[in-house]
Each structure stands twice: as C-alpha cells, then as structure tokens.
Amino acid sequence: MAAQPAAREYDVKAALLFNFCHFVEWPPHAFAADSNAPFVIGILGTDPFGPFLAELVKSERAHNRPIEVRRFATIEEAAGTHLLFIGQAEQARLNSILTSLKNKPTLTVGEAADRSFVRQGGMIAFVTDRGNVKLRINPEAARSAGLVINSKLLRLAEIVSTENR
Amino acid sequence: MSSRDSIRSKLQRAIVFTTAAVLGLTCAVFIVFEWRGLLAAETRAALNIARLAADASSGMLAFRNQAEATKLLSAFQSEPDVRTAALYDATGKLFAEYHVADADRATPTVPQNDGLRIADQRLVLFQPVIEDGKRFGTLYLKFDLRDMYARLWRYGSTAILIFLGALAGAFAIGHVLQKKIAGPILSLARIAQSISRERDYGARAERMRGGELEVLTTAFNQMLDTIQEQQGRLRTELAERERAQKAEARERQLLATTLASIGDGVIVADARGCVASLNAEAERLTGWNSADAAGRPLPEIFRIINEASRQPAENPVEKVLRLGAIVGLANHTILIRRDGSEIPIDDSAAPIRQAGGAINGVVLVFRDFTERKHAEQVMQESATRDRARAAELQAIMEAVPAAIWISRDRDCRVITGNRASFELLRLSPPENPSLSAPEGERPANFEVRCNGRLLRPDELPVQRAARGEEVRDLEEEIRFSDGASRYMIGNATPLRDEHGEVCGAVAAFVDITERKRAEEDLRRAHTLLETLLKTAPVGFAYLDRELRFVTINTRLAEMNGLPAASHIGKFVSEIVPTLAPAVHTVTTNILATGEPVKDHEFEGDTPLAPGVQRFWNESWFPVRDDPAGAITGFGVVVEEITERKQAEVALREAHAQLASRAVHLEKLVNERTAKLQETIGDLETFSYSIVHDLRAPLRAMQNFARLLVEECGPVNETAQDYANRITTAAERMDRLIQEVLNYSRVARAELPLAPVNTAALVRSIVETYPALQPPRAQVELNGNLPPVHANEAALTQCISNLLGNAVKFIAPGVTPHVRVWGETVGHRVRLHFQDNGIGIEREAHEKIFQMFQRLSKRYEGTGIGLTIVKKAIEKMGGTVGLESEPGKGSTFSLELDSVRVSPPIAAAPDSSNTAAS
C-alpha cells in the first residue's frame, strides 16, 4: 500500500467518505421534507478526490436519497450539507469553520497526521499511517450535533475527545 | 420327526420374521429421521453463525480494516466445525481469511452465488454482507460435517446392535412360546405312536388347560379310558378263573401232604366204623400198613386198653358215630400194636360230615404219649431258664449307658425301650416312642434327622432293621420341638424267629452330643486359626525339623515372591538361600535350648527381587507335635522391616548432618557476636571522640571569631560578616554533633517504660520553646490525649522533634499552625501531629526517616531529627506513620501501647529539662 501513488490514496478515502453515509444516522430534521431532495456530500476548499467521488456515488443512494457531491469555497456556502470534507488547506481556518457548524447536523470529515482535527471538534479524521488509511473519531462532537455513529464504525477507529480549553 | 421340526420351525420362523420386519422398519425410519434432524440443526446453526459474522464484518469491509476482519474470522477457532472462513469485498476480491490449522486451504478466489450448499461431507455457505441496504461484500464459511456423519454412524450402529439384540430376544421368546403350542401336539403324537407300538393303554396325554388343546387331550384320554377298562375287565375274569383252579389243586395237594407229614397218627374210618386209610405215623404206631388195614373194623387195628385197669377202652369211632360229636380219649390209654408191644397214647376223634350234615366217617387222631411226656418235662425246665435269662436281659438293658429300642412287629407300630431310651426321648414308659405308631399314639415332641435331613418313619433305624436290614454306625440327630438337639450313633439289627424270619428289630444308640459339640468347637477353632494365618498381616510358616516348609501363609509367600504351594516340601535353603545360614543358626539354638528365639533380625534377598537387600524381624519357636514333647518342627512369624530399617538409617544420617551444622552455626554466631561487639566498642569510642575532640575546636572557632570582632578594633563590614558566618557555621556543626549524639544515645540506651501523661508532656514542651508559641506559631491540643506506656525522656525528644519540624518547614509568610490529637485503638494509642507546612512528596515518605536525608536545602536542619523519632518509637514498641502531600501539610502519627491497667497517672512531671536535651 505504501507504494501506491497519492491519487490511489484519495480513491480509497473517497470510498470511505461515501461509506460513512451508511454508518451514521442523521436526525430527521437534517433532511428536507421533499423525499427526492439529495443527500449532500460537500467538499470545502481544494477537492483532492477529482471526478472519482462523483463517479462513485452517481448511481448510489444514501438514506433513500440520491447523492450529490458539491464543492464549496467558503463555509457559509456549505450550510445544509450532510457530510462535509474539510481539506487540509482549510486547516488555518478550522476553528471558525467548526464554530459555525456547531450543533448543525453536518458530519465533518478532515485529515490530519496528528489529533488536532478531532481535538478541535471535527468528527472524523483520516489518518494515513504507513500507506493505510485509519480513522480517528470524536463521538462527543457527533453526538452534540445530533448524529449517531454506528458502533461498528466506532470499533474500528481511535476515539478522541474534544480538547478542553 | 420331520413333522415336529416343521411345526416348531414354522412357529419360530413366523415370530422371528415378524420381529425382524417390524424392528428393521423402525430402525430405518429412526435413522432417516435422525439424519434429517441432524442436518437441519447443522444448517440452522451454520446460517445463524453466518448471519452474525456477516453483520459484524460490515464495518470492517466498508472501512477496509483487514486487521479487524482477520481478528473477527479467527474467532471461529471456538467453532471446531468451521474449517474455513473468508471475507470478499464488494468487488469480489478476497479481503480476509481464516483456516483451521489442518484444513486444506482451498478458498475460492471469488465468491459464488449466495446461499448454502452441502457436498462431500461439507457445508459451504456464501452470505452477503449488507449494511443500511448496501452490499459491502460476501462472507464465505465452510463447515465440516464429518462429526455429524460420525454421530449418525454411531446412532446407526447402535440401532443395528439393538436390532440384532431384539432379534436374539425374539428368537428366545419364540423358542419358549412355540413350546406351548407345539409341545402338547407333539406329546399327543408321541403317545399315540407309543400306544400303537407297545399297546400300552395305560398311557395318558398330559392335561392341557384351555382351548382346543384341552378338548383334544380330554377326548383322547376318555377314549383310552374306555379301552383300558374293557381290557382290564377281561384280564380280571381270566385271572380269577385260573386262580380258582390253582387253589383247588393246591388244596388237594396240601391235604395229602399234610396227612403224610403230620406228626400225629391219623386213621380215617367210614360210617360203618371200618378203616378207610392210615397215615404214615398211624402205620408206624399201630404196626399195620394201610393196605392190610383197609376195610377191617377199627378195633382190630386200633386196640386200646386203660393203662391202669388193663381193660379194653371204648372204641372212639363208635362213640363219635353214636354221639355225633368230637370226643377225646380217656387219659392213660395204651395202644396194643400189631406185634403186641404197648405204647401210651392220647387221642381224639371227630366226625366227618357231608354238606347236608350227615356223618359219613370219623377221623381219629392219636399220638405217642411217651415222647410228649418227656417233652413236657423239658419244657418246664427251659421255661424257668428263660425267665432267668429274661430278667438278666432286662437288667442289662437298664444298666447299659445306651438307649435300646425293641420292636416285635415288622411294622414297628409298637416300640419298647430301656429307661435310657425313654429319658433320651423325654418320654415315660407307658408311652409308645414309635414314629410309625398310629396317629394319636405317636410321639410329637421330637423329629429325627440325618445330616440335617428330616427322616421319614420308614427311614428310621429300627424300622429299617425290622425290614431285614443291618444298620451300622448310623449317626442321627434327635431334634426336639423346643429346638434342643441330641446326636446319637448306633446300630440296629433285625430280630428273627426260630425259622429265621424277621419278626422285629433291636437298636442301640449312644449319645454323642458332647463329642459332636467338641468336634464342632475344634473345627471352628481350626477354621479361625486358618483364617487368621491366611489374612494376618505378618508372614507365618511351619517347618519340619529338616527345615522343609510344611505350611506357609499367603503373606509370607508374597514376601518370598512365590506361590504358597511352591513352598511346600522345599527346604529353606532352596527358597531363600541367602537366609539359610542365619535360619540354621537360629534353629540349632532352639533345638539346643528348647526356647523360642524372638525378634531376631534377618537380612538377605528373595526370589521376588534377587540382589535387593531386605530386612525381616522374625520370631522362631519350637513346635512339639509329639506326645513325648520332643521338638518336631519350627514355627516362624515374619514381619518385613526393610522400610523401617531404611528410614532409621536415613534418620541417623540426618541427625549427624544436623549436629555438624549446628556446631558450625554456633561457631559462626560466636564469631559474628565477637565482631559485632568489637564494632560497637569502636562506635562508642567514636562517639566520645566526637563529644570531646570535635566540639572543642568548634568552641575555639566560635570564640576566636567573637574575639576578632570585639578586640581587633573596629572591623569593616565585610570582616564583620565573615566573622558572623564562621560563628553560624560552627553553631550548626555543633548542633549536628549534638543530634548525632542524641541518636546514638537513643539507639544504644535501654529505655525503661512507664505510664506517661502525654497531654502534660506536650504542654510543657510548648511552654519550653518560644518558637512554638504565638505569635510565631500556634500549637493547638484537641480533646484529651490518652496516656501512653513509654519512656518519658525519649518521648519528649520525639515530640519536640516533630513539633520543631512542624513549625520549621513552612512556606514563607505563613504562620505555622499545629494540631495535636489522640485516639485509642484497641490497646494502642495514636498521637497525631498535623501541620500546615510545605508537605512531603509521596516518594520521599520512606526516605525522610533515614539519617541525613534532607529534602529541602532551603530549610536549615541536620537531617537526624526524624531518624531519632523513628528509632526511639520503635525501641518503645511503637510505630511511626505519615500522611502528607506537597502543599497540603503533613500529619505524623505515633502509635504506642496504651496504659492498660489504668493506675492513677501521676501529676504531669516537670519535663522541661528532658525536653531541652
């Protein structure tokens, strides 16, 4: 795995990102009344996945809704997103991003080599460890946003709690 | 014969075939159901396992966690039936797998269709892994069904065994049942056959109960009855006729013989008084033969005269003819024979009457009176002799110490006996002791047994002898109705009359009850002795004078390792050669002294374990099985003591070792003690040198520093400062030395203990030191401090040190506050000293009690105070405790014995002196 090119790593991460839809319960008010309204996967900032993610979810459904991938430049645009991937480039603004998403039913996914993303209140972080993609989860953050993470997912991840400040 | 075989085997075959059919079908159904049930259970279990595992694995597939997936699959180790398990991801690629250690590792490279398949004793299953409606992969499980088939095979074979067992049972039952039907028919057939062959109409078919068989046998038997009855009647008639003819012939013959052989003379005369015939005796007496006499008148042949008067006597024939009745001859009649000689006779005559009653002849009977006269005389003499003999016999019978029974009839209906016999049977003379006596007369108070068996009356000795048998040495038991028994032995012999015909029996028996009891006692004692010898835990043997084994018990035979039987007749030297010389010595000794040799120890080996040294404790004693008291052999009682001997040797060695070690240890202790004492001496010397040698230079330093300032005129500030520092340092050194001395004193001194009033002690210490008083510090006594059993001087030193530390180690700007309280725990008292000082880190709690351990360089101190406290308290039998955390103050606790018997505590002593030291 370690020898795989970087693009392959993001293919894997895209697949995992999509799989989160099946292992997380969103509260009913997170969805529009219209049952055809899509399940939105947002990407804030630079999109590392390329067309692969959109290709992956094209014919799939999550929570009985079609899936749509949207890209956002700022956090204000990303309101109502169900699952938001926060790219590494946004690290500097992470604090304000997470503050504005506070208590909103948006599953925040980031990536960081250390625990910083989840310590600051991000919900799921990808960690690339010797070519393997591993997960860190802050269940506390998800719970306060009204999201329920399936125990099967929790079991596979390192659990981190929000840093006390 | 063939008919018997056919009916028997037909019935038998019918029963067995029916049973086989029913059982076979049952077994087949049972096995098929069992197979179906097992397979269904196995399938159900497999599906459940697969569902659970698939559900658990969805996350791992979704988030590509191979490590967790492998861990999940390896949990199948606890399911021995699962041989292989694998997970494929959504694209069908193998993601994780698990094999049983010895399984073939053929995992399909791609998943096949979902579902369950059974083939080749294996159950293969593909289970989709679905979460939230999305498929993430496939779970593959391979189960081994060999266990299940093995179980099924066990069931099957058990069923076949039961089947075979039941068939055997059916065969046996059939064998018994068929007899009930076939038996009677066959026996009927046999009887019919035998009747037709042997014409034995007496044979009868056995009566059967119930049904047609009874009707059949009854009719058959009735038919035979009729035939037999007719035959019987015919036979009886024939026999009777024959018997009548024979009787007639015999009578005629008998009459002729009687007349010929009769001892009296008989003359038959016809109705006219003429002679018809003479028998042989009559011919002899009269001297006439029959032919000459026939037809002549009787008086011619039979001339009789009166013996006294010599006158002719009356013709008896004429008299009978005249009177028609029997007449006797007048006594003293003389018959004049044909040759003229005379013989005295007596006679009688009787008429012979025809069937009608008319007299058609006379029979005259007469005999020679000469012989009879003589005989009468003889008889009279013999009767007297007989009476004497009878009296003798009676006396003998009464005198012999045996019971004698006599029966004078062959049926033994009456038996008499002597007094001993009546006493024996607990009867008295008029009673009839015969068990063959008619009902009512028969005695009922005893029964007779032989070897425990009840004898019937006809088996009793008198009865047997009365039938002509000689009974010899018969042992019998008379058992009375009250349970008591007498044992008898004796003979019975038949009594015969003058013709040699048996006419009764005589039996004589002696009472052997006592002998019997003695024999029984002897037998019991013998059995007991034998059992004892056989089971006793010691070995025993009896040897003859040449030391050959005569008897040996099992225990000794086991010790020698040979069967008991192999010893008999062998010499000791053949069985245990290594013991033979010692045995020879012992037995020679016994033969010489006649005294037993007891508890003699033997050593050697046995055929059981050649070369293995063993030890025995043996007692030999002489056996005098000889009326003269000579020694005929030897008895020996053997006890194996090999283990005890070995233990003794081991014990002795251990003792020796222990003794040598003790000596060594004692030497070592002495050496060490000497060395220690030397060290203590050195230390003491050292302490004194400190006091006397070290303190003097210090004083000098102090004094000269003071003199320098006072007497060398005004010194500048720097010089003043240096001088002060010299003084301070010297003081500190002095204090240090003082403390070391205190410690060595505490450590070395004896501390006599006495009740101490702790409250007064603490108060006096506080009063002594201004540093413990407001405003510099506050020492507070909470409640009453219980008195303790301690050395007051040492305790004063300890408390001074603790209070001194409490107010010394304090954060800058904080007023020291010390709280002192006490509590009684059982027979111990705890004194607590709590301060608000800087506290001590947990890691240092042990260290601070060691000498020269100072935790903070910021605070002045010698590092000996707490060491003294600990040492002193421990010497007084107490303990020191500490609870502290940095920044939260410290609490030191002293635990000492309370004052158990509470003598009135003396008023608080003035302890200010000791507190200062």
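The legends below describe close-up views of a predicted model. Residues are numbered from 1 along each chain as its sequence is written, while chains are lettered from A and ligands numbered from 1 in the order in which they are written. Local features need pLDDT of at least 70, side-chain atom pairs count only at pLDDT 80 or more, and totals for chains, interfaces and linings use all residues, with side-chain values taken from heavy atoms and with hydrogens and water left out.

**View 1. The interface of chain B and chain A.** Here 14 residues of chain B are in contact with 15 residues of chain A (contact means heavy atoms within 4.5 Å). The two chains bury about 1,300 Å² between them, 61% of it on carbon and sulfur atoms, where buried area is the accessible area (1.4 Å probe) that two parts lose on being put together, summed over both. Phe63(B), Asp132(B) and Lys134(B) supply 48% of the area that chain B buries against chain A, more than any other three residues.

**View 2. A salt bridge between the chains.** The rule finds 3 salt bridges across the interface of chain B and chain A, each being a side-chain nitrogen of Lys or Arg within 4 Å of a carboxyl oxygen of Asp or Glu. The side chains of Lys152(A) and Glu131(B) meet in a salt bridge at 2.7 Å, N to O. On the side of chain B that touches chain A, α1 (2–62) and β5 (134–144) each supply at least two residues, and the largest share, 6 residues, comes from α1(B); helices (H or I, at least four residues) and strands (E, at least two) are DSSP runs, numbered from the N terminus.

**View 3. An antiparallel sheet in chain B.** Strands β23 (residues 609–623) and β24 (residues 633–640) of chain B pair in the antiparallel sense over 8 bridges, and Val623(B) stands opposite Gly633(B) in β24(B).

**View 4. A mixed sheet in chain B.** Another open sheet of 5 strands has the order β26-β28-β29-β31-β30 in chain B, with mixed pairing, and its edge strands, β26 (778–782) and β30 (879–884) of chain B, each pair on one side only. Strand β30(B) is joined to β31 (residues 890–897) of chain B by 6 bridges and runs antiparallel to it.

Note on methods:
Two strands pair if DSSP finds at least two bridges between them.
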